[in-house]
Amino acid sequence: MRLLIIEPEAEGHHLVLYTRLLLEESLRRDWRVSVLTTESAAGHAAFRILSANAEAAFETIVIPDIRPPSGSGSLSLLVSQFRLWKGLAAASASNNQFRDFDIIYCVNLDYFEKALSLLGSPFAGRPFSGMLMNPKFHRAEMRIGPASRSDRLYSWLFRRLLSLNNLQSVLVVDERFLEFCNRSGYPNAGKMRFVPDVGELSDEPSTGLTRGALGIRPDALVVLLYGSLSRRKGVKELLQAIEATTSEEVVALVAGKPDEETQGFLRSERCYAMQATGKLVVRAGFQNADEERSLFEAADVVWLGYVGGAYGSSGVLYQAGSLGLPVIATDVGLIGWAVTRYDVGIALDPTEGSAVIDAIRRLRNDSDLRHRLGSNGRELAHGHTGVAFAKAICDALENSAGDASGPRVVTDARAS
């Protein structure tokens with residue numbers, strides 16, 4: 001089978017985890033694979049890791065960067081979606097290989113799913129599938145987030161997306177969303193497939209970043225905040241709580257690539273003072289697989305106290321569980337639902353400083369609690385491995401390609 005993987009972004013888990021796992025599994029199945037990405041992503045450290053770790057050769061198709069418009073509002077995001085759609089349509093029209101792909105897979109449909117709903121497929125009639133990672137319009141009804149004025153509009157757009165003739169399947173990691181669509185009787189809901197979200201650490205023995213190398217005392221309680229660092233990750237909320245725990249030896253280990261605002265905060269006098277007293281350790285920038293595992297091994301607790309509208313899933317939850325680490329998490333969204341349902345941590349309002357301080361103290365002083373939550377986390381993580389994630393996707397793609405093996409549609413039918 002000939003597979004085209006589309007991933008225009010390199011940040012977060014997109015290339016170094018999701019694309020890597022899919023690439024490994026598809027190459028194990030002896031598929032011929034191409035990866036389409038942008039110029040900036042192709043030059044990113046994550047893409048070099050992807051290429052170096054591939055067990056067999058794959059072809060790369062590079063398109064120009066899609067320049068995001070200024071601003072972060074809904075209109076700017078919509079403009080970005082249309083720009084990506086246009087870039088992919090141009091690549092499809094100018095590259096004869098597109099007619100030979102049995103299936104096209106979009107690692108993250110969120111990049112342009114509204115443009116797809118309104119314009120149809122940019123892939124000249126080729127069958128395609130993709131993962132919708134962060135749907136929102138179901139959250140109020142499923143009690144995992146607030147209602148939005150645009151919920152009805154987004155529901156209508158999603159119905160149009162599902163009705164595209166050449167869309168073979170939509171994969172989701174949000175089991176509540178799948179339940180919502182089935183309950184609501186969505187036409188074409190049979191195209192949807194659940195895939196267990198992945199949060200996996202390298203299984204290679206880690207080296208180098210021990211607690212000693214990080215300057216952390218062996219008897220400290222270490223709370224890890226890991227990933228792309230922004231205001232939504234609750235960086236300020238965590239550090240304020242740890243700063244206030246003056247009687248205990250508690251350390252915040254903050255690791256990942258910070259955005260401009262968070263970078264400024266981590267360079268503030270307040271954070272420098274915390275670093276000077278050993279209550280804060282910062283590892284800014286991209287972390288390779290060995291460094292990532294070392295950071296989790298150095299931790300006792302993992303922070304998922306996300307704020308400001310973070311209602312989706314998080315692979316960090318399953319990464320923590322894979323090493324038996326309890327979490328301190330937001331009590332809303334898919335994270336809050338999973339933490340409460342599977343009893344893998346303490347769910348709370350991260351903006352309530354006293355609640356965060358109390359959770360830190362409970363986990364520091366109660367080893368039985370840490371063990372119980374950590375054991376539950378290990379059990380949960382067993383079903384969220386990279387192998388399970390990639391196999392579920394490849395099985396869906398294999399079925400989709402088989403379903404699309406009949407006469408090809410020359411031009412994509414638009415949703416009516």
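The notes begin with the basis of the model, then turn to the pocket and the helix pairs.

**Basis.** I worked from a predicted model, in which local features need pLDDT of at least 70, side-chain atom pairs count only at pLDDT 80 or more, and totals for chains, interfaces and linings use all residues. Residues are numbered from 1 along each chain as its sequence is written, and side-chain values use heavy atoms, with hydrogens and water left out.

**Second largest pocket.** I took a pocket as an open set of points, on a 1 Å grid over the protein atoms alone, where a 1.4 Å probe fits, with protein on both sides within 12 Å along at least five of seven lines; lining residues have an atom within 4 Å of a point. I noted about 170 Å³ of space in the second largest pocket, the volume being the space filled by probe spheres set on the points, which are joined across faces, edges and corners. I found 16 lining residues, with Glu175, Tyr318, Trp337, Tyr342 and His384 nearest the centre. I recorded 10 nonpolar, three polar and three charged residues in this lining (Ala, Val, Leu, Ile, Met, Phe, Trp, Tyr, Cys and Pro count as nonpolar, Asp, Glu, Lys and Arg as charged, the others, Gly among them, as polar). Helices α13 (315–322) and α14 (333–342) each supply at least two lining residues, and α14 gives the largest share, five. Helices are DSSP runs (H or I, at least four residues), numbered from the N terminus.

**α13 with α16.** I then followed α13 to its contact with α16 (residues 367–381): the axes are 7 Å apart and the angle is about 115 degrees. Axes are lines fitted to C-alpha atoms over the stretch in contact, and angles run from 0 to 180 degrees between N-to-C directions. Tyr318, Gly321 and Ser322 of α13 touch Gly374, Gly377, Arg378, Leu380 and Ala381 of α16 (contact means heavy atoms within 4.5 Å). I classed these residues as three nonpolar, four polar and one charged.

**α9 with α15.** I found α9 (residues 235–244) packed at about 65 degrees on α15 (residues 353–365), with axes 9 Å apart. Ala241, Ile242 and Ala244 in α9 meet Val356, Ile357, Ile360 and Arg361 in α15. The contact has six nonpolar residues, no polar and one charged.

**α9 with α11.** Lastly, I checked α9 against α11 (residues 269–276). Their axes come within 12 Å and cross at roughly 50 degrees. Leu239, Gln240, Ile242 and Glu243 in α9 meet Arg270, Cys271 and Met274 in α11. I counted four nonpolar, one polar and two charged residues in this contact of α9 with α11.
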